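Hello,

Here is the structure for you to look over. My notes follow below it.

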Amino acid sequence: MREEIIKIENLTKTYENGEISVRALHNVSLSIKQGEFISIMGASGSGKSTLMNIIGCLDRPTEGSYYLEGTDINEKTDDELSTVRNKKIGFVFQSFNLIPRTSALHNVELPMIYGKVRATERETMAQELLEQVGLSDRAEHMPNELSGGQKQRVAIARALANRPQIILADEPTGNLDSHSSVEIMDIFSRLNREEGNTVIIVTHEREVAEFTDRIITFKDGCIIKDERTGEVA
Amino acid sequence: MLLFENIKLALTSIKMNKMRSFLTMLGIIIGISSVISITSIGSSAEAVVSKEFQSFGMNNMYVYLNWEMVRDRPILYSDLILPEDIEALKARFPEDILYAAPSISASSETKVGRVQGKLYMQGVAADYHKFYNMNIAYGRMINQSDLDGKRDRIVIDEKASRHFFNKVNSVGETLAVTINGEIRDLTIVGVYGKESSLFDQLNTSDSYTTYIPYSLLQSVDDTTTYLELYTNGEKDQSLLGGDIARYLSRIKDKEPEFYRYESAEVQMDMINTILGTLSIAIGAIAAISLVVGGIGIMNIMLVSVTERTREIGIRKSLGARTKDIMTQFLIESMILAAIGGILGTALGIGIASIGMGIAGVPVIIDPLMILLAVGFSAVVGMFFGLYPARKAAKLDPIEALRYE
């Protein structure tokens with residue numbers, strides 16, 4: 001029996017924008033176990049990105065509770081959330097979000113800098129991670145010298161920097177061609193299978209979702225479907 | 001570790017926008033360089049004044065009749081300072097008055113063959129040269145027997161010697177001068193050499209300074225209203241001056257303020273106080289430009305925070321805490337200001353050196369001033385960087401990540 005790593009209960013998120021309030025998530029409950037490979041699907045505005053931000057500790061729920069590895073995230077301060085993001089979660093974004101004019105190697109080192117890892121150790125680790133995504137020869141390249149697929153691989157290496165348990169990817173293939181998309185998804189599959197990472201991918205592409213073991217579908221802030229891909233097939 | 005990373009980061013960011021960084025620093029550079037150059041010029045000027053006064057005799061003092069006291073009545077014989085009064089003063093302050101003589105001088109045209117010139121003749125007592133750092137190159141100085149016998153003797157300087165006699169050693173030659181309407185032939189008994197001082201440069205008159213027995217200049221009697229003293233430098237000059245003037249008033253049976261004194265040291269202190277106050281005042285005005293520079297830094301840091309909103313979002317998502325972002329931007333603005341401070345210091349020293357070089361005066365750079373200037377500019381950077389840094393640190397990570 002695998003351990004439950006993420007537990008969300010009756011979670012609601014409302015955005016107040018002046019007079020109008022928009023309910024992005026409505027009474028969502030969800031449980032994710034360690035080592036799962038999940039995709040979250042839905043049209044834009046369905047609330048999937050909001051959920052992603054809350055799972056990633058970038059945002060807080062309006063109502064309901066979120067337990068990460070058994071601890072209540074609602075009770076943590078902003079700086080404690082920074083530490084959680086630093087140690088337990090690795091982010092991969094649609095637009096890569098590498099720091100411009102900063103080498104690939106240094107980009108990968110960043111989370112370790114905030115995690116107070118020693119400089120020498122940091123560099124060795126960053127080199128190793130770049131090798132893991134097949135980019136050891138691009139370590140000193142600046143982001144604008146890399147192709148989209150390469151940028152996303154650097155971003156994945158960076159997400160892995162402090163050996164977090166959870167990888168959160170928000171439309172990781174959204175800006176990539178189909179060939180690069182397959183490459184990136186292969187890396188995620190490998191991380192899930194070989195390293196045991198819990199990988200959660202937000203996407204609106206069915207083909208991408210097919211790589212994962214469990215697909216959760218959102219509509220209007222609610223989960224409308226939660227299926228195992230094996231079962232469907 | 002994080003500090004080192006932040007410094008590296010700040011330097012990269014400054015290098016990335018070279019022109020912008022330089023223009024931002026310019027305010028600080030101008031401010032610091034003005035403060036440094038003004039204070040350096042001020043302290044150099046003070047040093048020059050001190051040096052001139054020292055070469056002239058710091059312990060030079062004059063005791064004189066206070067003319068205000070006799071404005072409404074004719075001068076009486078008893079008001080005048082007599083030779084026995086001088087002796088009484090010397091006897092009362094044997095340790096403190098090293099030299100005392102009536103201060104009298106006169107000017108006269110003179111001619112040797114076809115060479116003409118003007119002499120400024122200062123009346124002195126014996127041993128005058130011992131107190132005023134005079135260097136007698138040839139012959140001797142005016143002595144007691146010249147004084148007692150009212151002998152026609154003169155001591156001239158090397159320049160005058162070359163001018164009139166075309167040689168350095170003119171001992172034994174004579175100069176015809178007019179003293180109190182009477183033509184006298186003065187025999188040169190000594191030639192002195194002297195380094196030219198700033199006061200000499202400022203002195204535009206073309207006369208040569210010479211020394212003769214003061215008794216030669218006293219036409220009617222041996223009284224005087226103006227006394228030149230050379231005093232013991234270990235004493236507080238203003239206290240001593242007061243004591244001497246009061247004692248003189250007492251033995252002359254006059255009101256305490258009847259005689260006054262004037263001390264070179266007291267005068268110098270006064271000039272230096274004025275110079276010091278002046279350079280502080282101008283320096284303070286220059287310091288205002290530092291505030292302007294600080295506002296420039298704040299402005300550019302706000303621009304930088306806006307430009308890098310997304311970067312801040314990324315850093316936060318990777319685990320940067322509020323403190324980390326705050327430190328990053330604070331260090332950047334401090335380094336910006338400190339580099340400006342260092343450049344400004346260099347420029348200020350340069351300006352002071354050029355200015356003082358033109359005036360022919362050695363520059364005095366106060367190291368404390370430099371430390372203060374660079375330190376102060378870093379403080380300015382920190383102060384004006386605080387608001388932009390806080391703004392950056394408080395950004396919401398999701399909104400920052402969405403920023404285009």
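Which residue in β5(A) stands opposite A:L68? That residue is A:T71.

First, the ground rules. This is a predicted model, in which local features need pLDDT of at least 70 and side-chain atom pairs count only at pLDDT 80 or more, while totals for chains, interfaces and linings use all residues. Residues are numbered from 1 along each chain as its sequence is written, and chains are lettered from A and ligands numbered from 1 in the order in which they are written.

Chain A

Strand β4 (residues 63–68) and β5 of chain A pair antiparallel over 2 bridges. Strands are DSSP runs of E, at least two residues, numbered from the N terminus; helices are runs of H or I, at least four. Two strands pair if DSSP finds at least two bridges between them. Both belong to an open sheet of 4 strands, in the order β2-β1-β4-β5 (chain A), with antiparallel pairing. β2 (20–33) and β5 (71–72) of chain A are the edges; each has a single partner strand, so one side of each lacks a neighbour in the sheet.

Chain B

Chain B has 14 helices and 11 strands. Its radius of gyration (over C-alpha atoms) is 33 Å, well over the 22 Å of the globule rule for 404 residues, so chain B is more spread out than a compact globule. That rule is 2.2 Å times the number of residues to the power 0.38. The C-alpha trace of chain B spans about 105 × 55 × 40 Å along its principal axes.

Strand β6 (residues 153–157) of chain B runs parallel to β8 (residues 182–193) of chain B, joined by 5 bridges. There, B:I154 stands opposite B:I188.

Best wishes
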